[in-house]
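Trainee: I would like to learn how to read the features of a model. Could we go through one together?

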Amino acid sequence: MTDRGFALDDRLREREARDLRRHLNPAESVASKTRFADDPKSGAIDFGDPELVFAANNYLGLADDGRVQRAAETAARTVGTGAGASRLVTGDTALHRALERDLADCKGTERALVFSSGYAANVGTIDALGPDVVFSDELNHASIIDGCRIGATETVVYDHCDPDDLAGRMAARADSEAGNVDGESWLVLTDTVFSMDGDLAPLPELCAVAKEYGAWVMADEAHATGVFGEDGGGVVQHQGVADRVDIQLGTLSKALASQGGYVAGDEALIEYLLNAARTFVFSTGLAPPAAGAAREALRIAREGEQRDRLWTTVEQLRDGFEASGYEVAGESHILPVMVGDRRDALALETAVRERGVVAPAIRPPTVPVGTSRLRVAPMATHTDDDVETCLSAFAAAGKAVELL
Ligand SMILES: Cc1ncc(COP(=O)(O)O)c(C=O)c1O
C-alpha cells in the first residue's frame with residue numbers, strides 16, 4: 001500500500017543532521033535563579049543544581065513578583081480562570097476593558113485591544129488590514145513574517161534598520177506599473193527592539209519615509225514595553241513618535257510577565273480589528289488571570305523602579321563584558337556577546353553553563369553565518385552578586401575555550 005504519511009522520524013533525523021533539532025528543558029520556576037532538567041520526554045523530571053538565568057524575556061523580573069501573583073489570583077477568583085468564550089460572545093469582561101484602558105493610556109492612544117498572544121496580534125492585525133504592499137525590516141520577528149504571508153498581497157523586505165534602503169524601495173515601487181494603481185495600501189512593519197541584535201529601529205526616520213509615501217507604520221514593541229520610555233511606553237515613547245506610528249503592537253508576555261498581546265491605536269483601528277482580526281474574533285478571550293497579572297505588571301512597570309534597576313544591571317554587564325575583552329552589540333537591555341563561529345559559540349555556552357550561568361548561543365540560521373553570539377538578557381531581579389557571578393563565569397569560560 002502507498003504510504004501517504006509524514007515520515008516524522010526521518011524529518012527529525014534530518015533536523016538532527018543539520019544541527020536544528022531542539023529539545024525542551026523544564027525549569028522549576030521562572031525566577032532569576034532556578035533549576036533545570038534535561039528533556040524527560042514522558043518520564044519524571046529530575047532537576048539539577050540552581051543556575052542563574054540570563055536568558056529570559058521576563059526583563060523586569062515580575063513573573064514571580066508577589067503583587068503580580070496576587071493580581072492573577074484575584075482575577076481568577078473574582079472573574080474566572082478562563083474567559084469561557086471569545087470576547088465577541090461572552091468573554092468580554094470589565095477586567096479586559098481596564099487592562100485595555102491602561103495600555104492605551106501608557107501608549108498615548110485612543111484605545112487598545114488585547115489578543116491571546118503577541119503572535120496572534122501580529123498575524124491578526126496584518127491579515128485584517130490586508131495591505132497591498134508591506135515593507136518589512138529583514139530582521140522582523142517570525143510573527144510579523146507569518147502575518148505578511150497570510151495577509152499581505154506583496155512583501156518588500158528592506159535592509160535592517162535602514163531608512164535609506166526603505167526610501168529606495170518605496171520609490172522603486174511607486175515608479176513601477178503596479179505602484180500607480182490608485183488607492184493601494186502600504187504598511188511599514190518593524191520591531192522596535194530587535195531581539196537577537198539588541199538594537200533599536202530608527203523610528204523617526206522610518207516614519208518620515210513612510211509619510212512621504214502616505215504609508216502607515218506599525219511598530220512591534222514586544223521587547224520594549226515596560227523597558228523603554230519614561231512611562232514604560234516603549235521605544236515609540238522613548239523616541240517621541242507616538243503621533244506618527246499608526247499601530248503600536250506588543251506582547252504581555254515579556255516585561256509584563258503574563259501572556260497575551262495587544263494593539264494600541266485610534267478608535268477606528270481598534271473597532272475594525274475587533275470585527276475583522278480573525279485571531280481575535282475566532283479565539284477565546286484572554287484568560288482573566290493573565291489580564292489581571294499584566295495590568296498589575298504594567299502598573300509596576302510604569303512606576304519605574306524595576307526599569308531603573310534593569311538599566312543599572314545592563315550597564316554593569318556591558319562594562320564588565322567589555323573589560324574582559326568581549327564585544328557586546330546593540331544598544332538595549334539585550335546584550336549580544338559576539339563570538340563569530342557557531343562551534344565557538346556553542347563551546348562558550350557550555351563553558352558558561354558549567355559555571356552556573358544560562359545564556360543561550362544564537363547561531364545560524366537564526367543569525368547570519370559568522371555572527372554567532374551568546375544572548376545575555378538580564379532581569380531587574382538580578383542582584384549585584386548575580387551580575388558578578390555572570391561576569392566571572394564569562395571571563396573564565398572565555399579563557400577556558402580560548403576565546404579571550
Ligand atoms: C518582536 C516579537 N513580536 C511578537 C512576539 C510574539 O509574542 P508572544 O510571545 O506574546 O506570542 C515576540 C515573542 O517572541 C517577539 O519577539
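Trainee: Which residues does A297 touch, not counting residues up to four places away in sequence?

Mentor: A contact here means two C-beta atoms, placed from the backbone, within 7 Å. By that rule A297 touches L62, V68, L256, A257 and S258. This is a predicted model: local features need pLDDT of at least 70, side-chain atom pairs count only at pLDDT 80 or more, and totals for chains, interfaces and linings use all residues. Residues are numbered from 1 along each chain as its sequence is written.

Trainee: Which residues have the most contacts inside the largest nonpolar core?

Mentor: A nonpolar core is a set of buried Ala, Val, Leu, Ile, Met, Phe, Trp, Tyr and Cys residues joined through C-beta atoms within 7 Å. Buried means 20 or more other C-beta atoms within 10 Å of a residue's own; exposed means 12 or fewer, and partly exposed is in between. The largest core has 114 residues, and Y262 and A297 have the most contacts inside it. Helix α11 (residues 288–303) gives the most to this core, eight residues. Helices are DSSP runs of H or I, at least four residues; strands are runs of E, at least two; both are numbered from the N terminus.

Trainee: Why does this core lie between domain 1 and domain 2?

Mentor: Domain bounds come from an automatic or database assignment. Domain 1 (66–303) and domain 2 (305–400) both give residues to the core, so it lies between them.

Trainee: Which residues are buried in helix α5?

Mentor: An α-helix has 3.6 residues a turn, so residues three or four places apart point the same way. In α5 (residues 142–151), S143, I144, G147, C148 and G151 are buried. The face turned away from them carries exposed A142 and R149.
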